[in-house]
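Thanks for coming, everyone. Let me put the model on the screen, and then we will walk through it.

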Amino acid sequence: MSKSMHLVCPSCGAINRVPTERLGEGPVCGKCRQPLMPGEPVEIGAAQLARAIARSDVPMVVDFWAPWCGPCRTMAPEFARAAAQMKGRALFLKCNTEEHPQAGRAHQVQSIPLLCLFAGGREVDRLMGARPASAITGWVTSHL
Ligand SMILES: [Zn+2]
């Protein structure tokens, strides 16, 4: 018997069951055929995020950001690099707090950029301010 994990599709929100040993093989969503572990940040809205936190068996890193925030734009390529380096181990999501203020309120986002790490249905840790890719991957890895 192989173990499987629940993955919430970052594109359509469908819950997928994927055998654990196939996580690194680029699994796609059974509903919309988009990658479940894309290795690049995916934009997500408030409802989708809440669902993903509740149902995902894979650790998720969420970058709370806004278009007017300079440090957020500075960190974006670093966050993308970290997502590529951690492909298959963690899902990297971005939540635009200007478009989705309810998500910011739900997670007490006081200042941005803010990285939140979710696992097992709850927030595990948060990291404030812009960080280089190495600091992001080091931080996530320390919690896996
Ligand atoms: Zn999907």
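Start with helix 4, residues 133-141. Its buried residues are Ala133, Ile136, Thr137, Trp139 and Val140. Buried means under 20% relative accessible area, exposed means over 50%, and partly exposed is in between, with a 1.4 Å probe and protein chains only. Helices are DSSP runs of H or I with at least four residues, strands are runs of E with at least two, and both are numbered from the N terminus.

As a reminder, an α-helix has 3.6 residues a turn, so residues three or four places apart point the same way.

And what do they pack against? The partners are strand 4, helix 2 (70-85), strand 5, strand 6 and strand 7 (122-128). Contact here means heavy atoms within 4.5 Å.

A word on the ground rules. This is a predicted model, where local features need pLDDT of at least 70 and side-chain atom pairs count only at pLDDT 80 or more, while totals for chains, interfaces and linings use all residues. Residues are numbered from 1 along each chain as its sequence is written, and side-chain values use heavy atoms, with hydrogens and water left out.

Now the cores. A nonpolar core is a set of buried Ala, Val, Leu, Ile, Met, Phe, Trp, Tyr and Cys residues joined through side-chain atoms within 4.5 Å. The largest one has 23 residues. Touching the most other members are Leu49, Met60, Val62, Phe64, Leu93, Cys95 and Ile112. Another core lies apart from it, with 15 residues, among them Phe92, Leu117, Leu127 and Trp139.

Take Leu49. Setting aside residues up to four places away in sequence, Leu49 touches Ile44, Val62, Phe64, Leu93, Cys95 and His107.

Look for His100 in the loop between strand 5 and helix 3 (101-106). Its relative accessible area is 18%, so His100 is buried. Beyond neighbours within four places in sequence, His100 contacts Ile44, Gly45, Ala46 and Cys95.

Next, the metal. Which residues coordinate the zinc ion? Cys9, Cys12, Cys29 and Cys32 do, each through SG, at 2.3 Å. Donors are N, O and S atoms within 2.8 Å of the metal, or 3.2 Å for Na, K and Ca; water is not among the atoms, so sites may look incomplete. The 4 donor atoms subtend angles of 106 to 114° around the zinc ion, so the arrangement is tetrahedral. For four donors, tetrahedral requires all angles to lie between 85 and 135 degrees.

The donor spacing in sequence is C-x2-C-x16-C-x2-C. Cys12 and Cys29 link distant parts of the chain, 17 residues apart. Cys12 is in the loop between strand 1 (4-8) and strand 2 (15-19), and Cys29 is in the loop between strand 2 and strand 3 (42-43). Cys12 is partly exposed at 26%. Cys29 is buried at 0%, and Cys9 is buried at 0% as well.

There is also 1 disulfide, counted as a pair of cysteine sulfur atoms within 2.5 Å. Cys69 is joined to Cys72, with S to S at 2.4 Å. The link is right-handed, with 80° about the S-S bond. Cys69 is buried at 4% relative accessibility, and Cys72 is buried at 2%.

Last, the backbone. Ile112 and Pro113 are joined by a cis peptide bond, with omega about 0°. Pro113 lies in the loop between helix 3 and strand 6. That loop also holds Gln108, a residue other than glycine with a positive phi near 45°. Arg33 is not a glycine either, and its phi is positive at about 65°. Arg33 is in the loop between strand 2 and strand 3, and is exposed at 56% relative accessibility.

Note on methods:
Tetrahedral: all angles 85-135°; square planar, octahedral: opposite > 155°, others 65-115°.
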